[in-house]
Amino acid sequence: MTLSIKPPVKTVKRAAVELRQPGVLQKGYERLGLVGTAAAAVLLVIVLAAVSAPVLAPYDPDFPDLLAALGGPTAEHPLGTDALGRDILSRLMWGARVTLAGPGLVILLSTVVGTALALVAAWCGGRVDTVISWVLDILFAVPGIVFALISVAIWGPSLLTVVAGLAVAYVPYVARVVRGAALRERNLPYVSAAWLQGQSGVGITFTQILPNVQPIVIAQAVSSLGFAVIDLASVSFLGLGVQPPTADLGLMVKSGFDSVLRGHPGEAISAGVLIILIVWCVTVIGDRLTSTARSMR
Amino acid sequence: MGSYLLRRLGGLLLVLLVTSFIVFGLMYLAPGSPLAFVLGPRGGTPEQVAAVTAQYHFDDPFFVRYFRWLGDIVQGDLGHSIVYRQDVSALMSGRIGTTAALVSLSAVLIAVAGVGFGTLAALKSRWVDTVVSTLAAIGLSTPSFVVGVALISVFGVGLGWFPTFGVGSGGFDTLVHLILPAIALSVASAAYLARITKAAVNEERGREHVQTATVRGLAAGVIVRRHVLRNALIPITTVMGLTVATLIAGAVVVENVFALDGLGSLLVRAILQRDFAVVQAVILVLVVAFVVVNAIVDFLYTIIDPRIALGSRQ
C-alpha cells in the first residue's frame, strides 16, 4: 500500500505560437533545471569515460604489477594501485562499464515488460486487470534483492543471473506507476474519439496512450536505475554477482575492503565515491523528470 | 473489523502460499542433480544413491514433494541442511536473533534520525534545510556496504572506537558491536524518511487548523507536536513500515560486511554452497517477515488515523 500525495492540479500550456523550435539542449534544460542539468553533465562524463575505457584507460585493468602494489597516487597511477598492483583509475573506468550496463539492462527489460503489462491491464480492464494486478502484488511481496539471490541460487553467481533476477523484481514498480497513468489517459475523451473513429485497441494503446504516458515511463525508469545500480553493486559485493577478475565497482569496494583493514583505503574510497556519484546523478535526474512529468499532466 | 482481519489474513496466507510455491518450484528447476550435493563429486555406490534418494524423497513427483515440504514447514520442520548436516531450524534459531536485533536497532535509528532531521529541515532556517536536504540526497545514493566499509575504516581501523566484526558476547557488548552495522543499514532509509517527513510537515503546516492554533496563541512546541507531527504521521508510518520491511533484505548485505552471524550471512553462504534446504527456508522466512511487517503497518494506520476505515484503499 502506498500513499501518493497528489500535487495541486496545474495545467501548464506551452505558448500557443512558438516562433523558434527549442533545441534539444534547451528542452533538456527546461525539463531538468539547473541541478538536474549539472547531474546530467557529470553522468555524461562518467558514461563517456566508461565507454571509451578501451581507448582512454592508461593501463590494462587486469595487469598486475606486484612491485607497485598498494601504491598511493603518483604521476603514473593518478589514483594509486590496488593490492595486486593494478591501476585503480583504469579499473574504475572499466568497472563503470559493468556497473552502468548491468543496471541499464535490468531497467530496459523491466520497463518493457512492466509497461506492456500495465498497458494491457489498463486497456482490457476487468478480469485481465485483476489478474495482472494480483501478479504484481505478489511480486511486490518479495524484496527486490531476494529475487536476485533466488536467481543466483538457481543458476549460479554471474552478472546475467543477477540481472535476470533484478529485472523481475523491478517489473511491478514500473507497471504500477504506468498502469495508474494509463488508466487516467484511457478515460479521457480523446481515447473515446479514437475508438469512435474505428481505431483498434492495440492501435490506440500504441499511438495514443503510450506517447502520453511516455514521460512517466521514462521518469520511472531513470528513478529505478539508481536503485538498480545499488542492488547490483551490493550483490557483486557479496561475491554473488560479477566475478573477479572482471572490474566492477561493487567488487572493487569488496577487494578494497581487505586493503582498508591493512590501512590502504584508496581503492575502496575511489570505487565507493564513484558509485555514490553515479547513483546521485541518476536519482537527481529521475526526481526532476518525475516532477516535470507530473506537472505536464 | 472481524471480517477485515479475516480477509487480510486470507490475502496474507495466499501470498505466502504462492511465494512458497515459487521458491520451491524454482529450486526444483535448478540444474544439477541434488544427489551430487549430498554424495559429493565422486558419487556413491548404487546402495548409497538409493538410500539418499529414499531419505530425501528425490523420486517423488513434484507436487507430492512440494506439499510434503509445505506440511513440514507448517509443523516447524524447515528441512535438513546437506552441508551442515543439521536441521535448518536449529541453524536458523541461533542466527535469527542477530538479524532481528540488527533490524530493530536500525529501525530505532531511522525513526529518530529521519523524523528528527526531517522536522528540523521543515521548521528551522533555510540553511538547515539545505544542509539536511543535501545530506539526505547523498545518503540516499550511498549503498549500505559502502557506508559499512567507510565506518569500519574510520571508526574501527582508524580511531579504534568500535569493534569491526562479530556480535560480541551478549548484552551491552552486543549493542556496541551492532552500532556500526545498524548505522550502515540505516543511512539510506533515514535519508528517505527525513525527506518524507519534511514534505509531510511542510504540508501540514500550511493547513487551516494549524493557522487557527497559531492565531489562538498556542505555544510553538505544542503546535508542532500535537497538530503538525500527529497529522504528518500517516506518510511517515507508511515509509517507516516499508523501510523496516526492506531492512530485512538489506540486512543480508550488512551482515556480510561486518561478519555478523545472522540469517543474511547464512543465506549467502548457503547460496555459494548450493545448500538448497537452507536457501529455501531462509528466503521463505525473509519473505514472511517482509509480508507480515507490511500487513502490520496497514493495520497501524487505522489506529493512527481513525478516519481511515479498515480495508479501505485510499
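Biologist: Which residues in α7(A) meet which residues in α8(A)?

Modeller: Happy to take you there, and please keep in mind that this is a predicted model. On the α7(A) side, the residues are A:Y190, A:V191, A:A194 and A:W195, and they meet A:I204, A:Q208 and A:I209 in α8(A). Sorted by class, this contact has six nonpolar residues, one polar residue and no charged ones. As for the geometry, two packed helices are described by the angle between their axes and the distance between the axes. Here helix α7 of chain A covers residues 189-196 and helix α8 of chain A covers residues 201-237; their axes come within 11 Å and cross at roughly 145°. The crossing of α7(A) and α8(A) is right-handed.

Now let us step back to the whole chain. Chain A has ten helices and zero strands, and its C-alpha trace spans about 75 × 55 × 30 Å along the principal axes. Of the 297 residues in chain A, 47% are buried. Among contacts in chain A with a separation of 6 or more, 68% are between residues 24 or more positions apart.

Helix α8 also takes us to the partner chain. In total, 34 residues of chain A are in contact with 40 residues of chain B. On the chain A side, α8 is one of the elements that give two or more residues, along with α5 (144-155), α9 (249-261) and α10 (266-296). That side of chain A divides into 28 nonpolar residues, six polar and no charged.

Notes:
Residues are numbered from 1 along each chain as its sequence is written. Chains are lettered from A and ligands numbered from 1 in the order in which they are written. This is a predicted model: local features need pLDDT of at least 70, side-chain atom pairs count only at pLDDT 80 or more; totals for chains, interfaces and linings use all residues. Helices (H or I, at least four residues) and strands (E, at least two) are DSSP runs, numbered from the N terminus. A residue is buried if 20 or more other C-beta atoms lie within 10 Å of its own, exposed if 12 or fewer, and partly exposed in between; C-beta atoms are placed from the backbone. Two residues are in contact if their C-beta atoms, placed from the backbone, lie within 7 Å. Axes are lines fitted to C-alpha atoms, for helices over the stretch in contact, and angles run from 0 to 180 degrees between N-to-C directions. A crossing is left-handed if the near helix is turned anticlockwise from the far one by less than a right angle, and right-handed if clockwise. Ala, Val, Leu, Ile, Met, Phe, Trp, Tyr, Cys and Pro count as nonpolar, Asp, Glu, Lys and Arg as charged, and the others, Gly among them, as polar.
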